[in-house]
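Please keep the sequence and the model in view while reading.

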Amino acid sequence: MMRRGRDAGYFVTYNHPTWSLEDYSNYMGYHGMHAMEIVNYGCLSSGYDDYNPRVYDDILRGGERIYCIAADDTHRGTIDCFGGFTMIKASSLAYNDVGKALLDGHFYASEGPLIHGLWIENGNLHITCSPAKQITMNTGIIHTDFKKAEGDIPVTEAAFRISPEFKYIRVTVLDEEGHHACSNAYFLDTLPNPLP
């Protein structure tokens, strides 16, 4: 189904792994999707876990190079609305421009926090964001780096040193209310000279 969807020009996503009651043995056999739902707010309103970073990292470490999205998955009109969204950087709101931005990975997933800037310079991953409790750099190995708020002063920017052994890097922003924003994963072997 994923191959057929891609061949027909669709943006193919793996949705709500928790609500679908799927586990590692299921989702590690899926290949060819463009993205997965790291946040599905409809799950939370139904009593399931709506935030699935472990599934995303499992799939990435398993060799798939996919993006992550967030969505409400609204079915009931009010209780499962306004909890997850995908912020897209497109040249316009025209269908083709939004579609191209999705295919190119120019977006991030969020439950509320905003990522204002994300770039690599002199071997460091830089991020600016809305006020946060913590900013974390996740990688493809057993290594993370983070910057936490100090007392009542939130963190709004961070810089993390990149190492070639990380395989991929991605950023998670956590706000005071426990909401996340997640960048897509960026694989170091596809980035133009990420290290000095």
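## Basis of the model

The model is predicted: local features need pLDDT of at least 70, side-chain atom pairs count only at pLDDT 80 or more, and totals for chains, interfaces and linings use all residues. Residues are numbered from 1 along each chain as its sequence is written, and side-chain values use heavy atoms, with hydrogens and water left out.

## Overall fold

The protein chain holds 5 helices and 13 strands. These elements are DSSP runs numbered from the N terminus, with helices being H or I of at least four residues and strands being E of at least two.

Of its 196 residues, 43% count as buried. Buried stands for under 20% relative accessible area, exposed for over 50%, and partly exposed for values in between, with a 1.4 Å probe and protein chains only. The chain exposes about 10900 Å², of which carbon and sulfur atoms supply 53%; accessible areas come from the Shrake-Rupley method with a 1.4 Å probe, and for residues only the protein chains shown count as cover. Among contacts between residues at least 6 apart in sequence, 59% join residues at least 24 apart, a contact being heavy atoms within 4.5 Å.

## Strand pairing

Two strands are said to pair if DSSP finds at least two bridges between them. Strand β1 is joined to β2 (residues 35-40) by 2 bridges, and T13 has A35 in β2 as its bridge partner.

Elsewhere, β6 (residues 115-121) and β7 (residues 124-132) pair in the antiparallel sense over 6 bridges. Residue G117 stands opposite T128 in β7. The hairpin of β6 and β7 has 2 residues between the strands, and N122 takes a positive phi near 50° there.

## Salt bridges

Side chains of opposite charge can pair when their charged atoms come close. A salt bridge here is a side-chain nitrogen of Lys or Arg within 4 Å of a carboxyl oxygen of Asp or Glu, and the count comes to 4. One of them joins R170 and D57 at 2.8 Å, N to O. Because R170 lies in strand β11 (residues 168-174) and D57 in helix α4 (residues 53-61), the pair ties together parts that are 113 residues apart in sequence. R170 is buried at 1% relative accessibility, and D57 is buried at 8%.

Another salt bridge brings together D189 and R65, also at 2.8 Å, N to O. This pair links the segment after β13 (186-187), which holds D189, with the loop between α4 and β3 (67-71), which holds R65; the two residues are 124 apart. D189 is exposed, with a relative accessible area of 58%, and R65 is partly exposed at 45%. K100 forms a salt bridge with D104, the closest N and O atoms being 2.5 Å apart. Both K100 and D104 lie in helix α5 (residues 95-104), 4 residues apart, about one turn of the helix.

## The largest pocket

About 650 Å³ of space lies in the largest pocket. Its lining has 26 residues, and the closest to its centre are G105, H106, F107, L118 and Y186. A pocket is an open set of points on a 1 Å grid over the protein atoms alone, where a 1.4 Å probe fits, with protein on both sides within 12 Å along at least five of seven lines; lining residues have an atom within 4 Å of a point. Grid points are joined across faces, edges and corners, and the volume is the space filled by probe spheres set on the points.

Strands β4 (85-88), β5 (107-110), β6 and β13 each supply at least two residues of the lining. Strand β6 gives the most, with 6 residues.
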